[in-house]
Amino acid sequence: MTRSQELFEKAGTLIPGGVNSPVRACKSVHCDPLFIARASGSKLTTEDGAEFIDYVMSWGPMLLGHNHPEVAAAIAATAANGTSFGAPCRLEVELAQAVVDAVPGIEMVRMVSSGTEATMSALRLARGYTGKNGVIKFHGGYHGHADAFLASAGSGVATQSIPGTPGVPQDVIKHTLLAHYNDLEAVQALFDAQGDDIAAVIVEPVAGNMGLVLPRPGFLEGLRELTRKHGALLIFDEVITGFRVAFGGAQAAFGIDPDLTCLGKIIGGGLPVGAYGGKREIMSHIAPSGNVYQAGTLSGNPLAMAAGLATLKALQSKDYAGLTARTDAFSRELENILRGKGAPVTRNHIASIFTLFFTESPVTDFPSAQTADGELFVTFYQQMREQGIYLAPSGYECAFTSFAHSDEDLERTLDAARNVRF
Ligand code: KE4
C-alpha cells in the first residue's frame, strides 16, 4: 500500500468519503486520491515522494504557482503578529482597496471566507435590495453549495451526478429558475413569465464548472439589458475568472458592468478568502450600514488578507497576454495530439484556462458538454496521471496553467499525451 492509500483508508473512517470536498475523491475517474505533502511552482509532491506537473492549481487560486516566495513571506511575517483578532485590521483595508482599484464593477467590497459565502451573501443582498425572491442560474453553473444554487449545478454536483438537490427544501428551490448557458431567449421567457419577482441573474461570465464554456457574443450584454429592464441585479460569479481572465476579471475583459461581483480563489492566494462587492448604493444595504445581515468570524483574517495582497501585488507585473498565448498554443497542440489518436476532441480556451472535451460537437452549454465521452476522459486522466501529469479528476472541471509553468513542463505534458493509448 502507498502512503496515500494508507491515509485515504484512515481518512475514510473519519471524514465522509475520506475528503473534505467531494470532487477530490477522484470517484468518477476510478482512482484513489493522491495525498499531497508539498507544492512549489507548477509541481505537487505526494506523501510517497512522487512529483506531478499540476493543472488543477488548487482549483484556480495558484495563478502565481504554488508557494510563491512573496506570498509565503507575507504569510509568515503576518503570522508573527498573531493569526486572528476578531477586530478590524489594516490588511483588510489594503486588500479592499486593491480589489476596488482592480475590478471595474466594485465600488465597495465585503470579505468572507469562501466563494460559497460570497455568492450566498450576494444573492441575499440582491433579494433584500430588490424585495424580490427569484434567482436565475444556468444549467451546469456552479456557485458553491448554498441551498439556492444546488439546482442543476456543475462542478462536483455534475461530476457526481447528484440528482436534484437532496437536503434542500422544495420551498427554497422553487425560487431558483433555470436556463441553459448562452440561451438568451430562455432568460427572456423567464422574465416575461416571472420578471416582477426576479431579484437577480447569477452567471459565471466564463463558465468553468461544466468544463470551460465561453459566452457567445451578445449573451452577457443581453443579460445586462434584461436585468436592467426588469429591475433585477446582474451578479457576476468571478470566483474562477476574477484576476485570471484578466487582472480586472472577465468584466474588464468583456466590458460588462455587473451590479454585484463574487470573488474567491486567487484573491486569497491559497488561503480561505471570498468576497462580494459592487455598486456603493447596493452594498450600503449590508449590515451594519444597512439591514441585510451577513457576518463571519474569520472574515478579513489577517493571514488571508496578507496572502491575497501579496498575490495581487505580484500579479500586477505579470504578462497575462504571454501566458494566454502559451496556454493557447499548448492546449491546441494537446488537442492535435489526441485527435491524431482518433479521439473526438473539442477545445475551449481563454486566458490560462482550457478544457478538452472528448466530443466532436462544439461545447456551448451543459447539454453539449454532456455529449463528451466519459470513458475516453477516464483513460486520458489515468494514463496522464501514471506519467506524472495531475489533471482535474472530472470532465466538468477546467485545466489551469500558471505563471510558474515552464516550457519544459508543457513539453513534458505533450510528450505524456503522445504516449496515451485509447
Ligand atoms: P468555494 O465555496 O468552493 O470556495 O467556491 C465556490 C465556487 C463559487 N463559484 C464558482 C464559479 C466556483 O468555481 C466555485 C468553486 N469551484 C470548485 C471547482 N470548480 C471548487 C472545488 C471544490 O468544490 O472542491
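How many helices and how many strands does the secondary structure of the protein come to? In this predicted model, the secondary structure amounts to 15 helices and 14 strands. The radius of gyration of the protein is 21 Å, close to the 22 Å that the globule rule gives for 422 residues, so the protein is as compact as a globular protein of that length. Taken along the principal axes, the box filled by the C-alpha atoms of the protein is roughly 55 × 55 × 45 Å. Of the 422 residues, 56% count as buried, and the accessible surface of the protein comes to about 17,000 Å², with 53% of that surface belonging to carbon and sulfur atoms. When contacts between residues at least 6 apart in sequence are considered, 71% of them join residues at least 24 apart.

The ligand is surrounded by 17 residues, of which S21, T116, N209, D237 and E397 are the closest. By residue class, this shell divides into five nonpolar, eight polar and four charged residues. A nitrogen atom of the ligand, in turn, has a polar side-chain atom of E397 at a distance of 2.8 Å. Taken alone, the ligand exposes 540 Å², and 86% of that area is buried by the protein.

Backbone geometry was examined next. Most residues other than glycine have a negative phi, and most peptide bonds are trans. Against this background, C26, although not a glycine, has a positive phi of about 60°; this residue is placed in the loop between helix 1 (3–14) and strand 1 (36–40). The relative accessible area of C26 is 4%, which is under 20%, and C26 is therefore classed as buried. A positive phi, here of about 75°, is also found at N182, which is likewise not a glycine. N182 belongs to the loop between strand 6 (176–179) and helix 7 (184–194), and because its relative accessibility is 7%, N182 counts as buried. The peptide bond from A287 to P288 is cis, with omega near 5°, and P288 is found in the loop that runs between helix 10 (280–283) and helix 11 (302–315).

A further proline, P272, is located in the loop between strand 9 (260–263) and strand 10 (274–278). With a relative accessibility of 55%, which is over 50%, P272 counts as exposed. Residues up to four places away in sequence being left aside, P272 touches V112, S113 and A304. The C-alpha atom of P272 is separated by 9.1 Å from that of S299, a residue 27 places apart from P272 along the chain.

How values were computed: Residues are numbered from 1 along each chain as its sequence is written. This is a predicted model: local features need pLDDT of at least 70, side-chain atom pairs count only at pLDDT 80 or more; totals for chains, interfaces and linings use all residues. Side-chain values use heavy atoms; hydrogens and water are left out. A residue is near a molecule or strand if one of its heavy atoms lies within 4 Å of it. A polar contact is a pair of N or O atoms within 3.5 Å; within protein, one must be able to donate a hydrogen and the other to accept it, and residues adjacent in sequence count only if both atoms are side-chain atoms. Accessible areas come from the Shrake-Rupley method with a 1.4 Å probe; for residues, only the protein chains shown count as cover. Ala, Val, Leu, Ile, Met, Phe, Trp, Tyr, Cys and Pro count as nonpolar, Asp, Glu, Lys and Arg as charged, and the others, Gly among them, as polar. Helices (H or I, at least four residues) and strands (E, at least two) are DSSP runs, numbered from the N terminus. The radius of gyration is taken over C-alpha atoms; the globule rule is 2.2 Å times the number of residues to the power 0.38. Buried means under 20% relative accessible area, exposed over 50%, partly exposed in between (1.4 Å probe, protein chains only). Contact means heavy atoms within 4.5 Å.
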